[in-house]
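Subject: Handing over the structure

Hello,

Here is the structure I promised you. Please open it and keep it beside this email as you read.

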Amino acid sequence: MLKIHTIPIKRGGFKIEQPLDTDNLTPLYIHPIIQELSRIFADAGKKLYLVGGTVRDALLGRFHEDLDFATDAKPDETIQIVKPWADNLWLVGIKFGTVGLSKGHLKIEITTLRSEVYVDKTRRPRVAFDTDIYFDLSRRDFTVNAMAVELPQGRLIDPFNGQADLTNRILRTPVTPEQSFIDDPLRMMRAIRFVSTMGMHLSPEVEEAISVYRGELARVSSERIRDEFSKMLTGAEPAKSLRLLVHTGLSDLFVPELMNLKITQDPEYHHKDVFEHTLTVVERVEPDLVLRLAALFHDIGKPETKEIIEGKVTFYNHDSIGASITRRRLRTLKYPKAIIEDVTKLIYLHMRVYTYRMGWTDKAVRKYIRDAGTLRDKLNALIRADCTTKNPRKMRQSLQVFDELEERIIRLEEAEEAAKIRPPINGHEVMEYLGIGPGPLVGEALHLLLDAKLEGEIETKEDAYALLDKWAKEKGLR
Ligand code: ATP
Ligand code: MG
């Protein structure tokens with residue numbers, strides 16, 4: 001389908017270069033590798049700019065080793081220019097005009113400035129820009145990402161006041177949000193992602209446009225949605241992003257289950273719905289993708305399993321139902337199999353600890369160890385984060401149960417470890433070697449061998465026989 005665009009901004013209306021009023025960009029453009037690169041482009045008569053997230057992060061004082069550049073050189077010209085200079089070249093992005101390279105410890109991507117012809121409703125070319133940095137910046141997602149640094153001088157080009165928006169931590173689009181989000185609906189996800197990862201706020205127009213145009217997200221591939229969702233979840237403030245997803249209704253397009261959590265009240269936390277409890281748990285676990293996904297989905301089975309039994313609200317089996325809802329959702333979002341397995345296992349097991357108080361046999365503890373496997377630390381982190389009760393007595397009780405189970409696991413493992421340690425030779429071999437029959441001497445010899453093994457004095461059968469020999473002589477047995 002041909003997309004119809006109108007460009008409300010005119011080239012003449014742009015504010016041109018702003019004087020550089022921050023020192024934060026200096027380390028970037030005086031970097032020797034960046035200076036070298038800008039020199040070889042200048043020698044070839046081509047322009048070179050640092051762009052996008054690289055400029056944004058530099059203004060915030062964050063210098064990455066992954067740098068994005070834009071140039072008016074065509075991709076094949078870029079290749080010619082950088083080939084003799086780069087340590088490595090890669091051309092996977094070449095059809096989007098991107099040449100990748102590495103130089104020293106820097107990873108560099110250089111993209112040809114976008115030149116596009118936009119048509120109006122009559123399909124006649126309306127605005128044909130030549131390839132310039134202003135047009136390129138106007139097609140970027142947010143004003144804070146629509147700044148460039150012209151090299152080699154290091155002049156900041158900021159036609160949409162991105163710097164001010166960055167200072168105020170506000171996300172606005174260079175063109176109208178409607179136009180931007182229809183053009184690429186993934187930007188709605190990116191907007192909400194930057195709230196968590198960069199402490200940004202949405203402008204009221206951006207938030208409103210997400211609510212109105214959220215349906216457009218259906219045109220975006222699951223993989224692209226998934227990647228933004230993962231970044232959002234592992235950011236510093238996922239709760240804010242998740243609230244926005246639900247508030248704007250964008251979540252309905254890819255995790256409709258979240259909305260149901262919002263309307264399910266949990267009697268344990270009367271003042272809160274299950275959604276708010278979930279957000280607390282998400283933020284209490286460390287920013288590891290598996291843990292954050294498990295925290296987000298751990299109570300996803302509650303709306304379906306809610307039942308009032310003898311006047312009490314219950315959620316029987318919400319762990320196993322939740323695990324299967326989660327499996328389906330993560331598959332649809334195209335998460336890798338290993339992640340799906342780990343997340344669903346954590347959800348499936350997150351309530352088991354609550355049966356511990358009823359007394360577990362060693363067999364039950366072993367089953368828990370086996371079922372949790374390598375996820376035991378994450379499971380422990382999840383169940384502790386899940387304990388959000390405001391009632392100090394309940395909190396103490398729960399923590400005591402978790403501690404007891406952990407201790408029991410450690411003791412059991414130690415005992416099993418110890419049981420695994422045996423002398424290198426057995427009773428039969430002792431009797432045969434010494435030429436004696438069963439009796440206390442055999443036990444005494446085995447004790448001696450076990451002690452020596454525990455002390456690390458013997459390891460092999462030969463060591464054991466040598467020690468046995470010495471002992472037998474001392475005892476007068478030989
Ligand atoms: P991150 O910190 O995740 O790298 P970023 O803003 O650098 O954030 P990238 O995906 O690396 O994101 O993109 C680099 C730049 O390309 C962005 O800063 C932005 O200018 C532009 N950009 C990326 N995705 C889009 C998009 N969907 N629409 C418009 N511009 C985009
Ligand atoms: Mg980036």
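Below is what was found, starting with the ligand and moving on to single residues.

One point before anything else. This is a predicted model. Every value below is computed from it.

**The ligand**

Start with ligand 1. The space it takes is the largest pocket. Which elements give two or more residues to the shell around ligand 1? They are α3, residues 53–59, and α8, residues 186–198. Helix α8 supplies the largest share of that shell, with four residues.

There are 14 residues around ligand 1. Those that come nearest are G53, R56, D184, R187 and R193. What kinds of residue make up the shell around ligand 1? It divides into 10 charged residues, three polar and one nonpolar.

Now look at some contacts. R187 has a polar side-chain atom 2.7 Å from a nitrogen atom of ligand 1. R187 is also among the residues that come nearest to the ligand. For R140, an N or O atom of the side chain lies 3.0 Å from an oxygen atom of ligand 1. For N145, the atom is a polar one in the backbone, and its distance to an oxygen atom of ligand 1 is 3.0 Å. How much of ligand 1 does the protein cover? On its own, the ligand has 580 Å² of accessible area, and the protein covers 71% of that.

**Backbone features**

Next, the backbone. Here is the background you need. Most peptide bonds are trans, and most residues other than glycine have a negative phi.

Go to P152 first. The peptide bond from L151 to P152 is cis, and its omega is near 5°. P152 sits in the loop between β8 (148–150) and β9 (155–157).

Then find N161. Its phi is positive, about 60°, although N161 is not a glycine. N161 belongs to the loop between β9 and α6 (162–167). Is N161 buried, partly exposed or exposed? Its relative accessible area is 30%, so N161 is partly exposed.

E310 is next. E310 is not a glycine, yet it has a positive phi of about 50°. Look for E310 in the loop between β12 (307–309) and β13 (312–314). E310 counts as exposed because its relative accessible area is 80%, and the cut-off for exposed is over 50%.

**Buried residues**

V51 is in strand β1, which spans residues 48–51. Why does V51 count as buried? Its relative accessible area is 2%, and buried means under 20%. V51 and L137 are 86 residues apart along the chain.

H298 lies in the loop between α14 (289–297) and α15 (302–305). Its relative accessibility is 0%, so H298 is buried. The side chain of H298 makes a polar contact of 3.2 Å with the side chain of D299.

I263 is in helix α12, residues 257–263. With a relative accessible area of 66%, I263 is exposed. I263 and P303 are 40 residues apart along the chain, and 8.3 Å separates their C-alpha atoms.

Q265 is in the loop between α12 and α13 (274–284). Q265 is partly exposed, because its relative accessibility is 40%.

Q400 lies in helix α20, which covers residues 392–420. Q400 has a relative accessible area of 48%, so it is partly exposed. Q400 and R357 are 43 residues apart in sequence. From C-alpha to C-alpha, they are 9.7 Å apart in space.

Best wishes

Terms used: Residues are numbered from 1 along each chain as its sequence is written. Chains are lettered from A and ligands numbered from 1 in the order in which they are written. This is a predicted model: local features need pLDDT of at least 70, side-chain atom pairs count only at pLDDT 80 or more; totals for chains, interfaces and linings use all residues. Side-chain values use heavy atoms; hydrogens and water are left out. A residue is near a molecule or strand if one of its heavy atoms lies within 4 Å of it. A polar contact is a pair of N or O atoms within 3.5 Å; within protein, one must be able to donate a hydrogen and the other to accept it, and residues adjacent in sequence count only if both atoms are side-chain atoms. Accessible areas come from the Shrake-Rupley method with a 1.4 Å probe; for residues, only the protein chains shown count as cover. On a 1 Å grid over the protein atoms alone, a cavity is a set of points where a 1.4 Å probe fits but cannot get out, and a pocket is an open set with protein on both sides within 12 Å along at least five of seven lines; lining residues have an atom within 4 Å of a point. A molecule sits in a cavity or pocket if more than half of its atoms lie within 2 Å of its grid points. Ala, Val, Leu, Ile, Met, Phe, Trp, Tyr, Cys and Pro count as nonpolar, Asp, Glu, Lys and Arg as charged, and the others, Gly among them, as polar. Buried means under 20% relative accessible area, exposed over 50%, partly exposed in between (1.4 Å probe, protein chains only).
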